[in-house]
Amino acid sequence: MPNASTRWVPLRWPVRRCVVRNVARTPADIVARIKDAAASGDDVFGFRHEALVSALDFDHAQPYLQETLTPADWTDEEALDLVEMATNYFNFALQKILSHRGISSIRSVGKLREYAWLMGRDDAVAAMDAAPYEQYGAPKVKGVGVALGYPWPAGDARLERMAAGQECRAGCRDGCGR
Ligand SMILES: [Zn+2]
């Protein structure tokens, strides 16, 4: 893991295009946000960067891609719909919250935020930003999920407690509150 003083931005990371459909932002908007994410210092693992570059066409993405990558590599064949990607990451985030996986949770929260932004859903991004990151991002994931209309698992006491910023159970020794 990079230490806090290392501003590590993994340029030229995505190796295939992930998102092509339903992107509400222009390439110019996305490139501006890539630069903002790099300057912000809050994207040390590059998860925001990766999500944003994946939403660009080849010409706009090319400065951020491996030099050997060709337009044919950056095809739409394996691309997923943006809503499908966000839904996948929402469900992934729920699993990682329950299994108390720190880095995976940072990844899913970071990607969900950018996918919501790419959808043009500033309201969902604001709901995420207003929630604290406690307990593996559970409050943020619930905030964005509710805004986007994703079903929150009913009746899971651990998720309810974590989304309220509490330990999954009293005295959790698996990582809550750390
Ligand atoms: Zn716990």
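The model is predicted. The chain holds eight helices and two strands. Of its 178 residues, 37% are buried.

**Overall layout**

- From the N terminus on, the order of elements is β-α-α-α-β-α-α-α-α-α.
- Take the contacts in the chain with a separation of 6 or more: 67% of them join residues 24 or more positions apart.

**Nonpolar core**

- The largest nonpolar core has 42 residues.
- Seven of its residues touch the most other members: Ala86, Ala93, Ile97, Leu112, Tyr115, Ala116 and Val141.
- Helix H1 (27-40), helix H2 (47-53), H4, H5, H6, H7 and helix H8 (157-163) each give two or more residues to this core.
- H4 supplies the largest share, eight residues.
- Domain 1 spans 19-80 and domain 2 spans 82-163; both give residues to the core, so the core lies between them.
- Valine 141, one of the residues that touch the most other core members, can be followed through its own contacts.
- Beyond its neighbours within four places in sequence, valine 141 is in contact with Phe90, Ala93, Leu94, Ile97, Val109 and Leu112.
- Among these partners, Ala93, Ile97 and Leu112 are also on the list of residues that touch the most other core members.

**Packing of H5 and H7**

- Two packed helices are described by the angle between their axes and the distance between the axes.
- The axes of H5 and H7 come within 10 Å and cross at roughly 25°.
- Angles under 35 degrees count as roughly parallel, so H5 is roughly parallel to H7.
- The crossing of H5 past H7 is left-handed.
- On the H5 side, the contact is made by Gly102, Ser105, Val109, Leu112 and Ala116.
- On the H7 side, Tyr136, Gly137, Lys140, Val141, Val144 and Leu148 take part.

**Residues with positive phi**

- Histidine 100 is not a glycine, yet it has a positive phi of about 60°.
- Histidine 100 sits in the loop between helix H4 (82-98) and helix H5 (102-118).
- Histidine 100 has 17 other C-beta atoms within 10 Å, so it is partly exposed.
- Glutamine 135 also has a positive phi, of about 50°, although it is not a glycine.
- Glutamine 135 lies in helix H7 (residues 134-148).
- Glutamine 135 counts as buried because it has 27 C-beta neighbours inside 10 Å, and the cut-off for buried is 20 or more.

- Aspartate 43 is placed in the loop between H1 and H2.
- Aspartate 43 has 23 C-beta neighbours inside 10 Å and therefore counts as buried.
- Aspartate 43 and glycine 110 are 67 residues apart in sequence, but their C-alpha atoms are 8.2 Å apart in space.
- Alanine 126 belongs to helix H6 (residues 122-130).
- Alanine 126 is partly exposed because 14 other C-beta atoms lie within 10 Å.
- Alanine 126 and arginine 113 are separated by 13 residues in sequence and by 9.3 Å in space, C-alpha to C-alpha.

Note on methods. Residues numbered from 1 in each chain as written. Predicted model: local features only at pLDDT ≥ 70, side-chain atom pairs only at ≥ 80, totals over all residues. Helix = DSSP H or I, 4+ residues; strand = E, 2+ residues; numbered from the N terminus. Buried ≥ 20, exposed ≤ 12 C-beta atoms within 10 Å, placed from the backbone. Core = buried A, V, L, I, M, F, W, Y, C linked by C-beta atoms within 7 Å. Domains from an automatic or database assignment. Contact = placed C-beta atoms within 7 Å. Axes fitted to C-alpha atoms, helices over the stretch in contact; angles between N-to-C directions. Parallel < 35°, antiparallel > 145°, perpendicular 65-115°, else oblique. Left-handed = near helix turned anticlockwise from the far one by under 90°.
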